[in-house]
Amino acid sequence: MFNKMIKPTTCAVALLFSGCIWADTLPVVSSFSILGDVTKQIGGDRVSVTNLVGADADAHAYQLTSADVKKIAGAKLVLLNGLGLEQADVLRAVRQSRVPYAEATAGITPLKNEEGGHHHHHHGEDGHHHDHGEFDPHVWHDPVLMQKYAANVTAALIKADPAGASYYQARFKTYSAELVKLDAYARQQFNAIPRDKRKVLTGHHAFNYLAKRYGVTFLAPQGVSTEAQPSAKTVAAIIRQIKQQGVKAVFSENIKDGRMVQRIAQETGVKMGGTLYSDALSKGAPAKTYTDLFRYNVRVMSSAMK
């Protein structure tokens, strides 16, 4: 099948004291669940992946813990999304650990945030904030861009584990074909709907890449941040827009409180279309993997628009 990685003697000794477990697999830490899944799809049996931000959890609201610092220090590779998704304390911990790391979005031309510059997300009473910066990090909602994303993950795995190069390349080729199918599926679904009906209301602007690729308009009371509180004026403007433009597709998100969107749906008389998976996988169905997440989102969005 493939040559198993040799367990270093230092790890064998450390096993008694610190629970070091990389006998046969490359220990990889990924910053969040979607990136973690892409890594698993390409890494297969040669990798063990730990996510800092797990399924159904909000990467925007994540705060680094001492346990996570230990996870990073125990890895042989750390994979980050980049484009401002990860907070400064995560980047600092990764750099200080001296563990090799790579950004999955490297070389991808990003969209700029719609707010036109910097915005902050405040976290609780400690005033901790997350500055997304100039660019929109949510590239995973475009399977065409995910080809480069997956290629970057593949390159990082090969660099960390050169003996697995042909194994990773073969799995990337298979995964790349899946991404091509995802794009074809999305085109088929959205092209069946007139462009002026391709409108969706959701909690925050996570879907700009999907919007650009497939000609869908998204309304979001919270902007790009999941934590910016929309003003009454913003909410009123969105309610007006839904009524004027006849928006039928209204969704909450798995990573956040959906009460704001539900209130908007009630006030406009529009039926909720369910839940979209924006920044995290689900723990079980329907979005257990990235490809499941994308297909599910496209299916429920397109059916709600009809």
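Q: Before we look at pairs within a helix, what counts as a helix here?
A: A helix is a DSSP run of H or I with at least four residues, numbered from the N terminus. The model is predicted.

Q: Where do lysine 181 and glutamate 178 lie, then?
A: Both are in helix 6 (residues 165-191), 3 residues apart, which is about one turn of the helix.

Q: Is lysine 181 buried, exposed or partly exposed?
A: Lysine 181 is partly exposed, with a relative accessible area of 46%. Glutamate 178 is also partly exposed, at 30%.

Q: How many salt bridges does the structure hold?
A: There are 7. One of them joins arginine 213 to aspartate 142, with the closest N and O atoms 2.9 Å apart.

Q: Which parts does that pair tie together?
A: Arginine 213 lies in helix 7 (residues 208-214) and aspartate 142 in the loop between strand 6 and helix 5, so the bridge links parts 71 residues apart in sequence.

Q: And is aspartate 142 buried or exposed?
A: Aspartate 142 is buried, at 3% relative accessibility, whereas arginine 213 is partly exposed, at 30%.

Q: Changing topic: at what angle do helix 3 and helix 4 pack?
A: Helix 3 (residues 66-73) and helix 4 (residues 88-97) pack at about 40°, with their axes 9 Å apart. They are therefore oblique to each other.

Q: Which residues make the contact?
A: Val69, Ile72 and Ala73 of helix 3 meet Ala93, Val94 and Ser97 of helix 4. By class, the contact has 5 nonpolar, 1 polar and no charged residues.

Conventions. Residues are numbered from 1 along each chain as its sequence is written. This is a predicted model: local features need pLDDT of at least 70, side-chain atom pairs count only at pLDDT 80 or more; totals for chains, interfaces and linings use all residues. Side-chain values use heavy atoms; hydrogens and water are left out. Axes are lines fitted to C-alpha atoms, for helices over the stretch in contact, and angles run from 0 to 180 degrees between N-to-C directions. Helices (H or I, at least four residues) and strands (E, at least two) are DSSP runs, numbered from the N terminus. Angles under 35 degrees count as roughly parallel, over 145 as roughly antiparallel, 65 to 115 as roughly perpendicular and the rest as oblique. Contact means heavy atoms within 4.5 Å. Ala, Val, Leu, Ile, Met, Phe, Trp, Tyr, Cys and Pro count as nonpolar, Asp, Glu, Lys and Arg as charged, and the others, Gly among them, as polar. A salt bridge is a side-chain nitrogen of Lys or Arg within 4 Å of a carboxyl oxygen of Asp or Glu. Buried means under 20% relative accessible area, exposed over 50%, partly exposed in between (1.4 Å probe, protein chains only).
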